[in-house]
Amino acid sequence: VSSFVFLMMIAIFWGAKIWGYPISFGEIRGFFEWAPISIKGEGTETVPINITAVIKVVGFITVGVIASNLFERFVLRRIFNLMFVDSAVQNTVSRLSFYCFIFIAFLSGLSIIGISHSMIGGIVFALFVGLAWSVRNAVSDIFGYFTILLERSIKIGDYIRVGDAPSEVSGIVRRITPRTTILRKKNSINIILPNSKVIESPVYNWNYTRGFFAFQDLMVVVDYSADADLVKEIFLKILDEDHNILKSPHPVVRLEEFTDDGLRFMIRAFLSSINILNQWDITSDIRFKILSELRKNNIDIAYPVRIIKMGNPVGGYKKSPFDQEQEDELG
């Protein structure tokens, strides 16, 4: 960039001479010394911020970039190769060193052009305030990390669900870092969550207390013509024959509600904590057994039925064979 600017200045200078508009070196020097603004320097002096001062600062920043590249090439890379540092860590360290060189070069440039130390301190303070504001979420994640460690609400190996539907996230806790909590889903996909989200959202932890837990309630709706006592007996028999279902606490089968479609039963059973990750397979097997047993006993699972009656706009409503049959049954 510096070479391009220098060559452009030479081209403009000679182009002006060729076209009959000569530019003297005095005019060029006056252009570079023109200072639209001034900043307080040491004591009572003022420092003019002209193009020359800007070029000096840019020059120091350029030197900082060159020094950063040399430091990475001849120092950091050799350290990385000797210590077999991970590529992600290499990139992080390289970027941090680059910004440090640029920052030091920028402050050195300000000092060279005569900016007071108090002014430089104010600039540094403003930069740190801006940096703190930009990383406020990271700071919140770090505080969340220490909160998780102290409360031990979640631990490595716990199966948890963070949040509620439809934005819920579930998985096994594989790692807790100062910035994030890493979950591994059942399909072997890793999810990286900020610690602040884990702290601020409701967390369902299946491993918080050891012992037993209940799988998600199963809801089964059967036709009104079915014998409710027989249906309950079938459900309890299926749960009793399953070796994964705990006998204590005892399974619960409840006639939950009379719905528009039929009798709705609620099935709740308890599993040992060792079956946390197998609970979906176990409930799937129970559903298969329920379906099979209901069919053996000629019990239909209810489904929504809607009767649409079509009217005759000219001759009035015409009864269908189904309506006539219903009237005959009712007398």
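## Close-up views of the predicted model

**View 1. Asn298 is found in the loop between H9 and helix H10 (321-330).** Helices (H or I, at least four residues) and strands (E, at least two) are DSSP runs, numbered from the N terminus. The model is a predicted one, in which local features need pLDDT of at least 70 and side-chain atom pairs count only at pLDDT 80 or more, whereas totals for chains, interfaces and linings use all residues. Residues are numbered from 1 along each chain as its sequence is written, and side-chain values use heavy atoms, with hydrogens and water left out. Phi of Asn298 is near 55°, a positive value in a residue other than glycine. Most residues other than glycine have a negative phi, and most peptide bonds are trans. At 68% relative accessibility, Asn298 counts as exposed, where buried means under 20% relative accessible area, exposed over 50% and partly exposed in between (1.4 Å probe, protein chains only).

**View 2. A cis peptide bond joins Ser248 and Pro249.** Omega of this bond is about 0°, and Pro249 lies in the loop that runs between H8 and strand E10 (252-258).

**View 3. Strand E5 (180-184) pairs with E4 and with E6.** Two strands are taken to pair if DSSP finds at least two bridges between them. E4 (residues 169-176) runs antiparallel to E5 and is joined to E5 by 4 bridges; Arg175 stands opposite Ile182 in E5, and 3 residues separate E4 and E5 in their hairpin. E5 and E6 are likewise antiparallel, with 5 bridges joining them, and Leu183 stands opposite Ile191 in E6. The hairpin of E5 and E6 has 5 residues between its strands, and Ser188 in the turn has a positive phi of about 70°. Ser188 is partly exposed, with a relative accessible area of 45%. Of the 5 residues of E5, 4 are buried, so this strand is largely enclosed by the rest of the structure.

**View 4. The largest nonpolar core has 27 residues.** Such a core is a set of buried Ala, Val, Leu, Ile, Met, Phe, Trp, Tyr and Cys residues joined through side-chain atoms within 4.5 Å. The residues with the most contacts inside this core are Val222, Phe235, Ile286, Ile290 and Leu294. Strand E9 (218-222), helix H8 (228-241), strand E11 (263-268) and helix H9 (279-296) are the elements that give two or more residues to this core, and the largest share, 5 residues, comes from H8. Leaving aside its neighbours within four places in sequence, Leu294 is in contact with Val220, Val222, Ile234, Phe235, Ile299 and Ile301, contact meaning heavy atoms within 4.5 Å. A second, separate core of 12 residues includes Tyr145, Ile154, Val169 and Val173.

**View 5. The largest pocket holds about 300 Å³ of space.** On a 1 Å grid over the protein atoms alone, a pocket is an open set of points where a 1.4 Å probe fits, with protein on both sides within 12 Å along at least five of seven lines, and lining residues have an atom within 4 Å of a point. Grid points are joined across faces, edges and corners, and the volume is the space filled by probe spheres set on them. The pocket is lined by 13 residues, of which Arg161, Trp206, Gln216, Gln279 and Trp280 lie nearest its centre. Strand E3 (159-162) and H9 are the elements that give two or more residues to the lining, and H9 provides the largest share, 4 residues.
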